[in-house]
Amino acid sequence: MVSCAIQVVDHYLGMNSGFSRGWQRWLIGCLLGCTSPLALGASAEAPALTGNYHQTQIAGYLDYPWAAVENPLGGWLITERSGVIIEYDHAGQRQEIPLQFEQLYVAGQGGLLDIELARDFTESRRVYLSYASGSAGENYLTFGTTVLDTKTPVVKDIFKVSTPKDTPVHYGGRLLQLPDDTWLMTSGDGFDYREQAQRKDSFLGKVLRFTTEGKSVADNPYAGGDSEAEQYIYTLGHRNPQGLIQDPKSRDIWLHEHGPDGGDEINLVQAGQNYGWPVVTLGRDYSGARISPFTQYEGMQGPMLNWTPSIAPSGMTIYHNDVFPELQNHLLVTSLKNKALYAVSLDQNRMSAVQIFATINERLRDVIVGRDGAIYVLTDGERARIMRFSPLRPKNVPEHSLR
């Protein structure tokens, strides 16, 4: 049925080449009786990983963590929203490192968010951070840095989103350092300011690009504009993007973001593109009211994959390792609402998602592929933990041969 429908669409679109990819998917969905343009992709077959794995806890007693990163020398660094980094060394010894901020704002979804290690971390102990700063009446997403060489490292603000808001939610806050040493940072719409996601004079609802010193980049797509924000905007039309990863093989950049009641999205990020929020959405307001009559709009990019109902995606990484061969070339996405980890196929013509490691059943905050090829999942909440997932070792096969 699927192949027949695709053949019909291909034949029809051969005579109507002006149809967008979103309309193509909508037409296929109609032929198959689907209810949304991307329901077809979400229901496609994907790898089944429901057993035959080890699940072990490697860190615990974490207080509302947001992100975790593996230390190249062994161990982990984990951010807690209160402004603390928890470090586990290679021997499993735990250290709490309280950070000193100029004005950290901890409320709602605000506080210390993402962490990225400097490329020379093993020598410098330098980390880069995203966090909320300011006050209840006026707070901002901020990018900064510190060196973890004292008992209370001082965080230096480098770049502050200068569009103020008075809501403690929808910060975005995910960081990605690109091969050219520039940075991408996702900025949420602040919830009450969703119209600003379409405004080029606002930093809200964007992916921003800047240097390590917090300066704008001359080849940003709107750098010739009149406003300060245009010097930094890489993409626009986002709601609350919290997943951002670059495929080291293809160099594709993938982003996911929270929709409202439905309409969680995975998007392929391309400089200068508009991803539609709030003009285009497959979700509705929490009240049930329609936010927009449009599920697609000329000049705006539709999602590569849509989750309706919402799963509340949080962290994301990409799997390129033979420890779990069935997960090769898949995005791994953690979910808060659905308490699940998803594997998303990167077949751009037919992206699909399936839940893996079904024994978790906890709110999940982040996911990391370790240097050993195992999958590490950070849970959410006041007694969170990191769990390690690795394959069961076949009989008479040394464990190191699986890594």
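I took pLDDT as the predictor's confidence in each residue, from 0 to 100. The model I examined is predicted; its average pLDDT is 88, and 85% of the residues score at least 70.

**Entry: overall make-up.** I recorded 4 helices and 24 strands in the protein. Of its 403 residues, 56% count as buried. The accessible surface comes to about 17500 Å², and 48% of this belongs to carbon and sulfur atoms. I then turned to contacts between residues at least 6 apart in sequence: 56% of these join residues at least 24 apart.

**Entry: nonpolar cores.** I looked up the largest nonpolar core, which has 38 residues; Ile 85, Leu 99, Leu 129 and Phe 159 touch the most other members. At least two residues of this core come from each of β2 (65-70), β6 (112-117), β7 (126-134), β8 (139-147), β11 (183-187), β12 (206-210) and β13 (233-236). Strand β7 gives the most, with 5 residues. I listed the contacts of Leu 129, leaving aside its neighbours within four places in sequence; among them are Ile 85, Leu 99, Leu 112, Ile 115, Phe 143, Val 155 and Leu 175. Apart from this core I found another, of 18 residues, including Trp 254, Ile 311, Leu 346 and Ala 353.

**Entry: aromatic pairs.** My search of the whole structure returned 18 aromatic pairs. Phe 101 and Tyr 131 make an edge-to-face pair, at 4.9 Å centre to centre and with 65 degrees between the planes. This pair links distant parts of the chain, 30 residues apart: Phe 101 is in the loop between β5 (94-98) and β6, and Tyr 131 is in strand β7. I count Phe 101 as buried because its relative accessible area is 15%, under the 20% cut-off. Tyr 131 is buried too, at 1%.

Phe 191 and Tyr 286 form a stacked pair, 6.4 Å centre to centre with 20 degrees between the planes. Phe 191 lies in the loop between β11 and β12 and Tyr 286 in the loop between β16 (264-269) and β17 (305-307), so this pair ties together parts 95 residues apart in sequence. Phe 191 is partly exposed, at 36% relative accessibility.

I also noted one aromatic cluster formed by Tyr 128, Phe 143, Phe 159, Trp 183, Phe 203, Phe 210 and Tyr 232. The charged end of Lys 165 sits over the ring of Tyr 171, 3.7 Å from the ring centre.

**Entry: backbone geometry.** I checked for cis peptide bonds. One joins Trp 277 and Pro 278, with omega about -5 degrees; Pro 278 is in the loop between β16 and β17. Another joins Thr 308 and Pro 309, with omega about 5 degrees; Pro 309 is in the loop between β17 and β18 (313-319).

I then looked at positive phi in residues other than glycine. Tyr 61 has a phi of about 55 degrees; this residue is in strand β1 (residues 53-62) and is exposed, with a relative accessible area of 62%. Arg 125 has a phi near 60 degrees; Arg 125 lies in the loop between α4 (121-124) and β7 and is partly exposed, at 23%.

Methods
Residues numbered from 1 in each chain as written. Predicted model: local features only at pLDDT ≥ 70, side-chain atom pairs only at ≥ 80, totals over all residues. Heavy atoms only, no water. Core = buried A, V, L, I, M, F, W, Y, C linked by side-chain atoms within 4.5 Å. Buried < 20%, exposed > 50% of the residue type's maximum accessible area, 1.4 Å probe, protein only. Contact = heavy atoms within 4.5 Å. Phe/Tyr/Trp six-rings, centres within 6.5 Å; stacked < 30°, edge-to-face > 60°. Lys NZ or Arg CZ within 6 Å of the ring centre and 35° of its normal. Areas by Shrake-Rupley, 256 points an atom, 1.4 Å probe, with all protein chains shown as cover.
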